[in-house]
Amino acid sequence: MKQNDFSSGRIIGISDGVFAIAMTLLVLELKLPALDPSADSSVFAAALMEQVPGFIAWILSFAILCRLWIIHHGLMRTGNTRSWRFLAWNLVFLAAVSFIPFPTSLLSKHPDQVVSVVVFSGTYMVASFALFGMAVSYRRQTGSAGSATEGSSVARLVAILVAVALSSCLLALVHPWLGVLIWVLYPFASAVGRRSRHPVASQTGDGG
């Protein structure tokens, strides 16, 4: 017999667990440079500079994951149950989140490859579409004005994220680092978008 409703608490529990593991796996890719103890400071500095792409990829993914978690939190802040459609989209979303350490590692080790930027961007596009699917499902489930407002807020955030991902892929065809640069600018684009609306986070009283 098909189950139509699922506990919000269980969904939140597994979602927070996946986020925590994904965020932890990101930092495991940061390695100390293997150097001879007798190496001078210039060699040490050069070895650290080689780690810069890894640090950039880590901070980008960590920051974007934090943003995705905030949006997800907004979608889960009310109601005790969710529909099976919402759960299905949530599982797709978690699949993308759990996969994020791989494209992050790919970008950190091969930042000069177009494929690295495309895989990185594509993963976040999948997560974005899944979030939008969750918002639409929740609106259909409740039919309330509040859920409609949250759905609109999520749609704006998703639109920015998808636009950044597509721009990154296109610019990567010109030069991979241009694709990376777009992701570096994403937090600023997101902040500009938030000025013209009431974000999901602010509705919970913590929108900074």
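How many cavities of 30 Å³ or more does the structure hold? The structure holds one, where a cavity is a set of points on a 1 Å grid over the protein atoms alone at which a 1.4 Å probe fits but cannot get out. The model is predicted: local features need pLDDT of at least 70, side-chain atom pairs count only at pLDDT 80 or more, and totals for chains, interfaces and linings use all residues. Residues are numbered from 1 along each chain as its sequence is written, and side-chain values use heavy atoms, with hydrogens and water left out.

The protein chain contains nine helices and two strands, taken as DSSP runs (helices H or I, at least four residues; strands E, at least two) numbered from the N terminus. In order from the N terminus, the elements are β-α-α-α-β-α-α-α-α-α-α. Of the 208 residues, 40% count as buried (under 20% relative accessible area, 1.4 Å probe, protein chains only). Among contacts (heavy atoms within 4.5 Å) with a separation of 6 or more, 78% come from residues 24 or more positions apart. The accessible surface of the chain is about 10900 Å², and 67% of it belongs to carbon and sulfur atoms; areas come from the Shrake-Rupley method with a 1.4 Å probe.

The largest cavity has a volume of about 40 Å³, a volume being the space filled by probe spheres set on grid points joined across faces, edges and corners. Its lining (residues with an atom within 4 Å of a point) consists of Leu26, Glu29, Leu30, Gly54, Trp58, Thr104, Ser105 and Ser108. Two or more lining residues come from each of α3 (52-76) and α5 (101-109), and α5 gives the most, with three. By class, three lining residues are nonpolar, four polar and one charged; Ala, Val, Leu, Ile, Met, Phe, Trp, Tyr, Cys and Pro count as nonpolar, Asp, Glu, Lys and Arg as charged, and the others, Gly among them, as polar.

Eight aromatic pairs were counted, with rings of Phe, Tyr and Trp (its six-membered ring) paired if their centres lie within 6.5 Å, and planes under 30 degrees apart classed as stacked, over 60 as edge-to-face and the rest as tilted. Phe120 and Tyr124 form an edge-to-face pair, 5.1 Å centre to centre with 65° between the planes. Both residues lie in helix α6 (residues 114-142), four residues apart. Tyr124 also forms a tilted pair with Trp183, at 5.5 Å and 50°. Trp183 lies in helix α8 (residues 176-195), so this pair ties together parts 59 residues apart in sequence. Tyr124 is buried, with a relative accessible area of 0%, and Trp183 is buried at 1%. Ring pairs link Phe120, Tyr124, Trp183 and Tyr186 into a cluster.

Conventions. On a 1 Å grid over the protein atoms alone, a cavity is a set of points where a 1.4 Å probe fits but cannot get out, and a pocket is an open set with protein on both sides within 12 Å along at least five of seven lines; lining residues have an atom within 4 Å of a point. Buried means under 20% relative accessible area, exposed over 50%, partly exposed in between (1.4 Å probe, protein chains only).
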